[in-house]
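Thanks, everyone. Have a look at the model first.

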Amino acid sequence: MLRICGIALTAVLLAGCLRTVKPDFVPALTLAATVLILSLFFGTAEKVLAWLTDLGDSLGVSEIYMEILLNVLGITYVAELTAGICRDAGHSSLGSQVELAGKWMICAVSLPVLLAVWNLLTELLGG
């Protein structure tokens, strides 16, 4: 985690210096720092995903629901990351649209869970 924080803080400081001299380079710097942080993140993410899969197996959770959970986590992370980069580049309205699209995608991916809850409720209420 210290490496990730160090990379982020270094990128912020460099971006502050570049913003006055070469503001066009700031989005490229941000993207480079993001790629570097993601490369460190994915090393630990694999362990977390394996742990979540094992947890789901031990609790008897259906693989379909675990897949939906992982898809939602992925959509959330990618949408937030992309929206942040858009905002850093001065395109806040585009960042907001990415966030909105991410929310709609999460709703679409979650529909099987909502349908299962609906079927369970109708079954419990005798419908």
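The structure holds one salt bridge, meaning a side-chain nitrogen of Lys or Arg within 4 Å of a carboxyl oxygen of Asp or Glu. The partners are Arg 87 and Glu 99, at 3.0 Å, N to O. Arg 87 sits in helix α3 and Glu 99 in helix α4, so the pair ties together parts 12 residues apart in sequence.

A word on the source. This is a predicted model, where local features need pLDDT of at least 70, side-chain atom pairs count only at pLDDT 80 or more, and totals for chains, interfaces and linings use all residues. Residues are numbered from 1 along each chain as its sequence is written, and side-chain values use heavy atoms, with hydrogens and water left out.

How exposed is the pair? Arg 87 is partly exposed, at 33% relative accessibility. Glu 99 is partly exposed too, at 22%. The cut-offs: buried is under 20% relative accessible area, exposed is over 50%, partly exposed is in between, with a 1.4 Å probe and protein chains only.

Now α3 itself. Helix α3 covers residues 63-88. Helices here are DSSP runs of H or I, at least four residues, numbered from the N terminus. The buried residues of α3 include Met 66, Val 72 and Cys 86. They pack against α2 (26-59) and α4 (92-124). Just after α3, Gly 90 takes a positive phi of about 90°.

Last, the packing. The α3 and α4 axes are 7 Å apart, at an angle of about 175°. Axes are lines fitted to C-alpha atoms, for helices over the stretch in contact, and angles run from 0 to 180 degrees between N-to-C directions.

Note on methods
Helices (H or I, at least four residues) and strands (E, at least two) are DSSP runs, numbered from the N terminus. The expected span of a helix is 1.5 Å times one less than its number of residues. Contact means heavy atoms within 4.5 Å.
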